[in-house]
Amino acid sequence: MDMPRSSSRMLQWGLAAYWFSLNMEGAALLTILIPMTLLQVSPVGHVGQLARIVSLAALFTMIVPPIAGAYSDRQKRRGKRRMPLMWWGTALNVGGLLMIPGVSRASILTVSVPAMGCAGHFSGLTTVV
């Protein structure tokens, strides 16, 4: 079934905007917001804590895409819609972002930042693939 040209173009612009915002979020989080928050929460040992957060985020970034792709393919074969996955992943990501300003312990960031990245990548990969 062919999509009308305008619908296809709008879909492409929508996906481009989604991925652009997701990449900008990741760049701003790991280079500006997380280090600044760690300095406020735990001035002693913030470098080691930042290394843990970045390492976990990188590990999850390697693990999540193949799982998301396989899950997406399974959903598509069963004829299920994948758009709810994007909405849930985006909601989890935004919830995590809203939680960052109120963080009182560095351990919360160690868990929330990689989880937000997983939610964002999973939601994006399940709809694009």
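L50 is partly exposed in this predicted model, with a relative accessible area of 22%, where partly exposed lies between buried, under 20% relative accessible area, and exposed, over 50% (1.4 Å probe, protein chains only). The residue is found in helix α2, residues 46-77, helices being DSSP runs of H or I of at least four residues, numbered from the N terminus. Leaving aside residues up to four places away in sequence, L50 touches I34, P35 and L38, a contact being heavy atoms within 4.5 Å. Although L50 and T110 are 60 residues apart along the chain, their C-alpha atoms are separated by 8.2 Å.

Helix α2 also holds F60, which is partly exposed at a relative accessible area of 31%. Together with L59, M62, I63 and I67, F60 forms a nonpolar patch on the surface, with about 460 Å² of accessible area in total.

Helix α3 comprises 17 residues, 83-99, and reaches 25 Å from its first C-alpha to its last, close to the 24 Å expected at 1.5 Å a residue, the expected span being 1.5 Å times one less than the number of residues. The buried residues of α3 are L85, M86, G89, N93 and G96; they lie on the same side of the helix, because they cover an arc of only 100° around its axis. On the other side of α3, W87, W88 and L98 are exposed.

Residues are numbered from 1 along each chain as its sequence is written. Local features of the predicted model need pLDDT of at least 70 and side-chain atom pairs count only at pLDDT 80 or more, while totals for chains, interfaces and linings use all residues, and side-chain values use heavy atoms, with hydrogens and water left out.

Terms used
Helix = DSSP H or I, 4+ residues; strand = E, 2+ residues; numbered from the N terminus. Arc of directions from axis to C-beta. Patch = residues over 30% accessible without salt bridge, like charges linked within 9 Å, V, L, I, M, F, W, Y side chains within 5 Å. Areas by Shrake-Rupley, 256 points an atom, 1.4 Å probe, with all protein chains shown as cover. Salt bridge = Lys/Arg side-chain N within 4 Å of Asp/Glu carboxyl O.
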